[in-house]
Amino acid sequence: MARVRQSDGTATWWGSSSGPAAVLAVLLAATGCTPVSGATADGNIPSSRPAPENDLSKRIGALFVGNVDGQRACTASVVDSPHRNLLVTAAHCVYTSELGRIDNLVFAPGYRNGQTPYGTWTLDSITTDPHWTTDEDPEYDVAFVTVAPVEGKEIEDALGGNTIATNQGFDLPVSVTGYPNDHQDPITCSGATKKLTDTQERFDCYGYTNGTSGSPWLTSAGKVIGVIGGYQQGGDTDETSYSITFDDRVAELYRKAIA
């Protein structure tokens, strides 16, 4: 069974039936976020804002179930790789113990208001750590995903890719851009990462609800040092998001993905 938290804070339980609706239910449950109606900054926590259109944001997109006319699920982004076909997202967006690998997801980079200015890209292979696929260990909630070329062109050739950076430490300024399911455009927020444990970190900003799992944590140099996921599969409230620390675990996973 999987739980989806509603805007009133209550929980809805879903069965294990198959089909797109069941897939979406599990993916939404995986985000674990509770929207806060009318939330504003409390003096310390900023609020998200609409993301500008630029070279960094166009590499970030929404994952859809089936096609872009279907339901939105998570967020992913293009990262630099030798084969120029790689995305990073949260592991719980592409593999769950209930459903196994989610095979019918498509990626729409730069998606805005129902438009797909950079096309749609079909997910191909996924690389997750065995700790995730076996036990859904939150210490390994990150995945690398390849996408098939479109008209002979790889996605990084079309959009460029951000760099995966590991062992960067804590208290770093980042921007986090993602796709809440109740928005037609992406949101973004800037702030500093904070240490939760030696292997998990947090980012505080209002607005990161269902759909933002997998959102990249980007430095000003365009380095990805985290994605929403990990502890509480990304967070139980919309003002605090989590990521596993991008350390040797992620470096090794990246090496497997590009092999």
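**View 1. T96 sits in strand β7 of this predicted model.** Strand β7 covers residues 95-96. T96 is buried, because its relative accessible area is 5% and buried means under 20%.

View 2. Residues 1-26 have a pLDDT below 50. Even so, the model gives this stretch 48 contacts beyond near neighbours in sequence. Residues 28-42 also stay under 50. For residues 28-42, the model has 50 contacts beyond four places in sequence. How should coordinates be read where pLDDT is low? They should not be read in detail.

**View 3. Strands β15, β16 and β19 form an open sheet.** The order is β15-β16-β19, and the pairing is antiparallel. Which strands stand at the edges? They are β15, residues 194-195, and β19, residues 240-244. Each has a single partner strand, so one side of each is left without a neighbour in the sheet.

**View 4. Strand β15 meets strand β16 over two bridges.** Strand β16 runs over residues 200-204. Its pairing with β15 is antiparallel. Which residue of β16 is the bridge partner of K195? The partner is E201.

Technical notes
Residues numbered from 1 in each chain as written. Predicted model: local features only at pLDDT ≥ 70, side-chain atom pairs only at ≥ 80, totals over all residues. Heavy atoms only, no water. Helix = DSSP H or I, 4+ residues; strand = E, 2+ residues; numbered from the N terminus. Buried < 20%, exposed > 50% of the residue type's maximum accessible area, 1.4 Å probe, protein only. pLDDT = per-residue confidence, 0-100. Contact = heavy atoms within 4.5 Å. Pairing = 2+ DSSP bridges.
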